[in-house]
Amino acid sequence: MKLPEKYIIFNLHSKGSDVNVLLLEKIGELFNCLNKKGYSIIFLGNKYYKEDDDRIFLEKLFKYYEGKVKNISLISKKLDSVDTKAVISLSQGVISSRYHLCVYGLSSNKVSIPIYSNDYYKTKMEGLLEWFGLKNLGLSQDRLKNFKLDDISNLVKLFNKKPLIKQIQSANRDVRIL
């Protein structure tokens with residue numbers, strides 16, 4: 001698969017997610033807004049264990065959005081950590097409910113917006129964001145379900161927000177010199 005020039009990595013895992021029509025509609029609006037700004041969306045799995053294989057759920061999501069959203073693709077191949085990090089490092093950012101995809105994104109100086117559905121994932125994601133000084137960047141599924149178009153537009157703007165990107169780069173430099 002040839003990667004698009006400008007893309008955002010997306011992952012929403014089924015375990016621990018409260019996926020319903022409203023959430024799917026808001027994610028579709030987010031994808032369309034990203035498309036208008038020139039971004040493609042790549043669905044990328046991160047966990048590959050039997051019934052907990054991300055690719056199974058992401059394939060269903062991909063089929064749901066196919067024909068409704070332009071410029072989406074699915075990496076159905078199982079990637080190792082090196083290839084996963086490479087795909088993320090070439091992206092413009094990450095939107096994911098998978099902790100490790102957000103770690104890969106932030107450690108590659110990419111804006112990474114974690115989506116969480118419960119207190120367990122909220123604690124993990126907020127801890128990660130706090131390490132980078134980005135405490136308020138996490139997004140609960142309930143909050144996303146209530147987003148208006150302006151909220152979605154402001155979320156998309158984060159991927160080009162220079163001060164935010166510099167803050168992530170600075171946090172990475174600080175960690176490297178410890």
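The following legends describe an overview and several close-up views of one predicted protein model.

Residues are numbered from 1 along each chain as its sequence is written, and side-chain values use heavy atoms, with hydrogens and water left out.

**Figure 1. Overview of the protein chain.** The protein chain contains 8 helices and 6 strands; helices (H or I, at least four residues) and strands (E, at least two) are DSSP runs numbered from the N terminus. Their order from the N terminus is β-α-β-α-β-α-β-α-β-α-β-α-α-α. Along the principal axes, the C-alpha atoms fill a box of roughly 45 × 35 × 35 Å. Of the 178 residues, 49% are buried, where buried means under 20% relative accessible area, exposed over 50%, and partly exposed in between (1.4 Å probe, protein chains only). Among contacts with a separation of 6 or more, 69% join residues 24 or more positions apart; a contact means heavy atoms within 4.5 Å.

Figure 2. The 6 strands form an open sheet in the order 3-2-1-4-5-6, with parallel pairing. Strand 3 (72–75) and strand 6 (139–140) stand at the edges with a single partner strand each, so one side of each has no neighbour in the sheet. Two strands pair if DSSP finds at least two bridges between them.

**Figure 3. Strand 1 and its two partners.** Strand 1 (residues 7–11) is mostly covered, with 5 of its 5 residues buried. Y7, I9 and N11 point one way from the strand, while I8 and F10 point the other way. Strand 1 pairs with strand 2 (residues 40–44) in the parallel sense over 4 bridges, and S40 of strand 2 is the bridge partner of Y7. Strand 4 (residues 93–96) also runs parallel to strand 1 and is joined to it by 4 bridges; here I8 stands opposite G93.

**Figure 4. The surroundings of I27.** I27 lies in helix 1 (residues 21–36). Its relative accessibility is 1%, and I27 therefore counts as buried. Leaving aside residues up to four places away in sequence, I27 touches F10, L12, Y65 and L144. F10 also belongs to the set of buried residues on strand 1. Although 120 residues separate I27 and F147 in sequence, their C-alpha atoms are 10.0 Å apart in space.

**Figure 5. Helix 4 and the residue N109.** Helix 4 spans residues 99–107, and its buried residues include L101, C102, Y104, G105 and L106. The helix is followed by N109, which has a positive phi, near 65°.

How values were computed
This is a predicted model: local features need pLDDT of at least 70, side-chain atom pairs count only at pLDDT 80 or more; totals for chains, interfaces and linings use all residues.
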